[in-house]
Amino acid sequence: MTMEKKLFEPAKLGNLTLKNRLVRSALYDGAARLDGGLKDEAYTLYSKLAKGGVGMIIAGFTSVSDNDRYPGGMLPPSRDETIPQYQKLVDIVHRENCPIITQLALTGYYRGNTQLDPTDMTLDEVHSVIQMFIDAARRAKCAGFDGVQIHAAHFLFLSQFISPAVNRRSDSYGGSTENRMRILLEIMTGIREKAPNLHLTVKINSSDFVRNGLDAAESLEICKALAKAGIDSIEVSGNSPSVPRIRAGVNEGYFAPFAAALAEQVDVPVIAVGGWRSKDTMEDVLKNTKIEFLSLSRPLLREPDLPNKLQSGACTVAECVSCNACYSLQGHCVYRIRGKRIF
Ligand SMILES: Cc1cc2nc3c(=O)[nH]c(=O)nc-3n(C[C@H](O)[C@H](O)[C@H](O)COP(=O)(O)O)c2cc1C
């Protein structure tokens, strides 16, 4: 007999135990300075999130490469010097009985100043990218993170690499699904060797939603292979991940149909992200599908204490109106800025 899942109950996510089934999905929060050091606000921001009652935090995305290009403010795990600052961040979050994992990403691969299409990279360059992810995971472990998330979604580098719309390589890393996803398996294997106890999760597109891109059937196939290879959990997203104008009970959980289908076919926990706004809808999804965790991003920018408020009954619906102004405000909520309650 399977027990009905509840939003607010302790739940196992692989080797971690979360106090509830709510996860903060990775959100670029401009928490680092241009030199890679953490801003003081970063500690306040993550402390508020952890105190707000979320079951686990996935920190804003970090680039595994020193030679990546992105707007300042990412937390770069590409250098050992940053480890002590991460340690401090992790300790602050752990004090609130909240696990924290870091998201490892590469926005694009650069040969010098030129960004390369995955198809044009040499074999050595592909191997160097795999090594960058493995090295970053080792640093994450040194800093005390509970796990790492391989960012293979949203058409960042890995998402493009596994997509048939982009990857036209003719070697063992291109062509078939098996070949295109090989990079993910090799990153996984390397991380398992160098940092065996980390929770290892992946964020992946349920579909690229582009012509000839990864579609639901192929994404399902990849997820099943990752599960078989020993991934600890899978977070399901898609290109254009932050759909605007979400309304409670109307258009919530836009990747949930895929996540539910996946959860039927794998024996690792599936985390569904995208547009969760009301307690009722989230509880229904947990009750009626095998999805085990729900992750939220924008709502926790506006209300870091949303989980506590939902649990206590102080509210039943998030205040976030999904205006997406946070994209142009370096991960700050326009409502909190107007109310001068930024952190
Ligand atoms: C400002 C902003 C920054 C984001 N940064 C990341 C990121 O670093 N990594 C990631 O995987 N997704 C990122 N996302 C996408 C979110 O994690 C999430 O998948 C998406 O917003 C849908 O969830 P929501 O409706 O709860 O916001 C970001 C979204 C926003 C709005």
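In this predicted model, the axes of helix α3 (residues 123-142) and helix α6 come within 9 Å and cross at roughly 35°. Helices here are DSSP runs of H or I with at least four residues, numbered from the N terminus, and their axes are lines fitted to C-alpha atoms over the stretch in contact, with angles running from 0 to 180 degrees between N-to-C directions. The crossing of α3 and α6 is right-handed, a label given when the near helix is turned clockwise from the far one by less than a right angle. On the α3 side, V126, I130, F133, I134, A137 and K141 make the contact, and they meet I183, E186, I187, G190, I191 and K194 of α6; contact means heavy atoms within 4.5 Å. These residues divide into eight nonpolar, one polar and three charged (nonpolar: Ala, Val, Leu, Ile, Met, Phe, Trp, Tyr, Cys and Pro; charged: Asp, Glu, Lys and Arg; polar: the others, Gly among them).

Helix α6 (residues 182-194) also packs with helix α7 (residues 216-228), their axes coming within 11 Å and crossing at roughly 20°. The two are therefore roughly parallel to each other, a term for angles under 35 degrees. This crossing of α6 and α7 is right-handed. L184, L185 and M188 of α6 touch I222, A225 and L226 of α7, giving six nonpolar residues, no polar and no charged.

A further pair is formed by helix α1 (residues 40-51) and helix α2 (residues 83-94), whose axes come within 8 Å and cross at roughly 25°. α1 and α2 are therefore roughly parallel to each other, and their crossing is right-handed. A42, Y43, Y46, S47 and A50 of α1 contact Q85, K88, L89, I92 and V93 of α2, a set made up of seven nonpolar, two polar and one charged.

Turning to the ligand, 22 residues surround it, the closest being A26, Q103, S242, S297 and R298; a residue counts as near if one of its heavy atoms lies within 4 Å. A side-chain N or O atom of Q103 is 2.8 Å from a nitrogen atom of the ligand. A ligand oxygen atom lies 2.9 Å from a polar side-chain atom of K203, and a backbone N or O atom of G275 lies 2.8 Å from an oxygen atom of the ligand.

Residues are numbered from 1 along each chain as its sequence is written, and side-chain values use heavy atoms, with hydrogens and water left out. Local features need pLDDT of at least 70 and side-chain atom pairs count only at pLDDT 80 or more, while totals for chains, interfaces and linings use all residues.

How values were computed:
Angles under 35 degrees count as roughly parallel, over 145 as roughly antiparallel, 65 to 115 as roughly perpendicular and the rest as oblique. A polar contact is a pair of N or O atoms within 3.5 Å; within protein, one must be able to donate a hydrogen and the other to accept it, and residues adjacent in sequence count only if both atoms are side-chain atoms.
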